[in-house]
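The points are grouped by topic.

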Amino acid sequence: MTPTEQQKAILECRENLVVIAAPGSGKTFVLSEKIKNDIKELLDYQGIIAISYTNKASLELKNRSLANGISPKSSFFGTIDKFCIQDIIIPFGSLMQEKKTFDNLIIRSMNNSERSQLGQVEKREKIEYNHMDIILSLLEANIILIECIGILANYIFDNSKACRSYLKSRYKYLYVDEYQDTGIDQHYLFIKLKNMGIIMAAVGDVNQSIFEFSGKKSYYLKRIRQDKTFRSFILSQNHRSHQSIVNYSNRLIDSKCTITDIPEKDRRVFYFISLGDEKHIASFIDEKIASIMNAYNIDKFNKIAILFRNSKNAQYISQELNTPHKIVSPTKLDMQISIWASIFASILRFIFNPTNRFIDIVETYSSFDSLRNTQKRSLQKSNIVLNGIVDHGEICNKDLFIETSINIATILMPEAHNINDINLLKEVVFDSKQLDSYRSEDSNEINLMTLHKSKGLEFDAVIHADLYEWGLPSKKVENNNFKEPLYPNWEQDLNLHYVGITRAKKVCILIRSEKRHKSNGELTNAQDSEFIQLHNVHNLRFNPVNAIPFPTQRYMNEVKEKEFPRS
């Protein structure tokens, strides 16, 4: 790929920088190219920190950055929570606690009692070390609260000279992707690392901020963009999506944006309303999917995604959909942010995906060259076991797989030993449904997922469901004043809609049903989401007549059965 002028300017910058990157603008390409260039300059004991929002995004960035045999040296690739636990809390928290190591470290969410004592720590407006006695006493008992990882890492950083010296000597560059989803603790930790002399690059897009409910705000991205110690860049060109999809998504966000003229016959955004209730959306997909794939040269089902407001609606459509599909959702192992859980999940992905490499798992947590010869031989034997443990898509010896996985984790991160993670591994291995999520994507399955889950992904075709009034955006009424409804999360909901549309490369289909079920189960007439007419975006869709409710064959059959009941 040849860099654009915008991308070249970023690649050539040797200072702290912040990049505002539109969907499909090549940010991963730019990040990986910068990382390649920076790693080449480093000594073997030095490295870069590359922070991604998800493990999947981190693995993609790592693979692209280290392509063609580039050595990671002493670099870290992973999520911010993993970095805090692996590089700060475990090694230096143990020193502060005068412990050699943490045995059976438990990483969990707060219980009700802890929540009442600590409050909404993840939604604080500033760094405060209140209640550290509670957090440190839990750490002494080998417990880390997920909500307190960031504040604990900051506290250890501020109070451990050894921690600061280690990070400064080891890491020379810091890369943070999806900065609009950074919380207060993460932001302040990043700035502290930058202020030590580690060169920092932050990339994000305020229009893709969709996790404010968990304390992640675009405010911090805006803040560093105003910081004069950062050079600011923009990647504005979407290279991924058809131009009509780019036009539509940009107009949603900005009513005055400049758009490229696209003849109506060439537009790739559609809006459909199906007669009947939500199940007839499944009928629409069953009846129309072949013609959609043919029209836009889509050869596999896994290049199509159906996106929903919530997982409940995805489950409902899944029950009615006959076309091969799968619901994309994390397992309990994925939802754990502890180190052994991450290792086990990586091993599961490795055995089911022939393109993954065992050495990548090893190098994520340790340097193979730094291991003892006995450890190297043990890992090599484990690799041989794993390569022969899957037969016709199934783990043929589950007990041996579990034993081998524990052995690998013990060699790579012995101090992170976690009995809870071992139990979760066993649960996943013996549960075919959970195990399915680690298998390579089947070319014969459409992806069903929430809009939040689709973040960072791309598909040839996106079918964006749940575009109902009262659903997206969320809306409420006070004192029965229906003329002036309130939209408590308008910006976040609009960003969520924007994220869904910009996942589409070739075509985006917006859809709702004529009727919908209320939360109490009552069937009612449905109305358009406010976003359907926002900023006159309907003028940028193909053939508005498609918004006239249409019957699927299934709907017509049901009507006939009602009119002419079978004897």
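Phe270, Phe272, Phe284 and Phe542 together make up one aromatic cluster. The model is a predicted one.

**Aromatic rings**

- The count of aromatic pairs comes to 15.
- One of these pairs is formed by Phe350 and Phe358, whose rings are 5.8 Å apart centre to centre, with 55° between the planes. The pair is classed as tilted.
- Phe350 has a relative accessible area of 8%, so this residue is buried. Phe358 also counts as buried, at 8% relative accessibility.
- Trp490 and Phe531 form an edge-to-face pair, because their planes stand at 70° and the class covers angles over 60 degrees. The ring centres of Trp490 and Phe531 are 5.1 Å apart.
- Trp490 belongs to helix α21 (residues 490-501), while Phe531 sits in the loop between β18 (523-525) and α22 (553-563). The pair therefore ties together parts that are 41 residues apart in sequence.
- Trp490 is partly exposed, with a relative accessible area of 29%, whereas Phe531 is buried at 0% relative accessibility.
- In general, a pair of aromatic rings is described by two values, the distance of the centres and the angle of the planes.

**Helices α12 and α13**

- Helix α12 spans residues 279-295 and helix α13 spans residues 311-320. Their axes come within 8 Å and cross at roughly 55°.
- The two helices are therefore oblique to each other.
- The crossing of α12 past α13 is right-handed.
- On the α12 side, the contact is made by Lys279, Ile281, Ala282 and Asp286. On the α13 side, Tyr316, Ile317 and Glu320 take part.
- Sorted by class, the contact of α12 with α13 has four nonpolar residues, three charged residues and no polar ones.

**Ser318 in helix α13**

- Ser318 is found in helix α13.
- With a relative accessible area of 18%, Ser318 is buried, because the cut-off for that class is under 20%.
- Leaving aside residues up to four places away in sequence, Ser318 touches His325, Ile327 and Leu448.

**Backbone features in loops**

- Most residues other than glycine have a negative phi, and most peptide bonds are trans.
- Leu472 and Pro473 are joined by a cis peptide bond, with omega at about 5°. Pro473 is found in the loop between β15 (459-464) and α21.
- Trp470 lies in the loop between β15 and α21. Trp470 has a phi near 80°, which is a positive value in a residue other than glycine.
- At 33% relative accessibility, Trp470 counts as partly exposed.
- Asn297 has a positive phi as well, near 55°. Asn297 lies in the loop between α12 and β10 (304-308).
- Asn297 counts as exposed, with 61% relative accessibility.

Conventions. Residues are numbered from 1 along each chain as its sequence is written. This is a predicted model: local features need pLDDT of at least 70, side-chain atom pairs count only at pLDDT 80 or more; totals for chains, interfaces and linings use all residues. Side-chain values use heavy atoms; hydrogens and water are left out. Axes are lines fitted to C-alpha atoms, for helices over the stretch in contact, and angles run from 0 to 180 degrees between N-to-C directions. Helices (H or I, at least four residues) and strands (E, at least two) are DSSP runs, numbered from the N terminus. Angles under 35 degrees count as roughly parallel, over 145 as roughly antiparallel, 65 to 115 as roughly perpendicular and the rest as oblique. A crossing is left-handed if the near helix is turned anticlockwise from the far one by less than a right angle, and right-handed if clockwise. Contact means heavy atoms within 4.5 Å. Ala, Val, Leu, Ile, Met, Phe, Trp, Tyr, Cys and Pro count as nonpolar, Asp, Glu, Lys and Arg as charged, and the others, Gly among them, as polar. Rings of Phe, Tyr and Trp (its six-membered ring) pair if their centres lie within 6.5 Å; planes under 30 degrees apart count as stacked, over 60 as edge-to-face and the rest as tilted. Buried means under 20% relative accessible area, exposed over 50%, partly exposed in between (1.4 Å probe, protein chains only).
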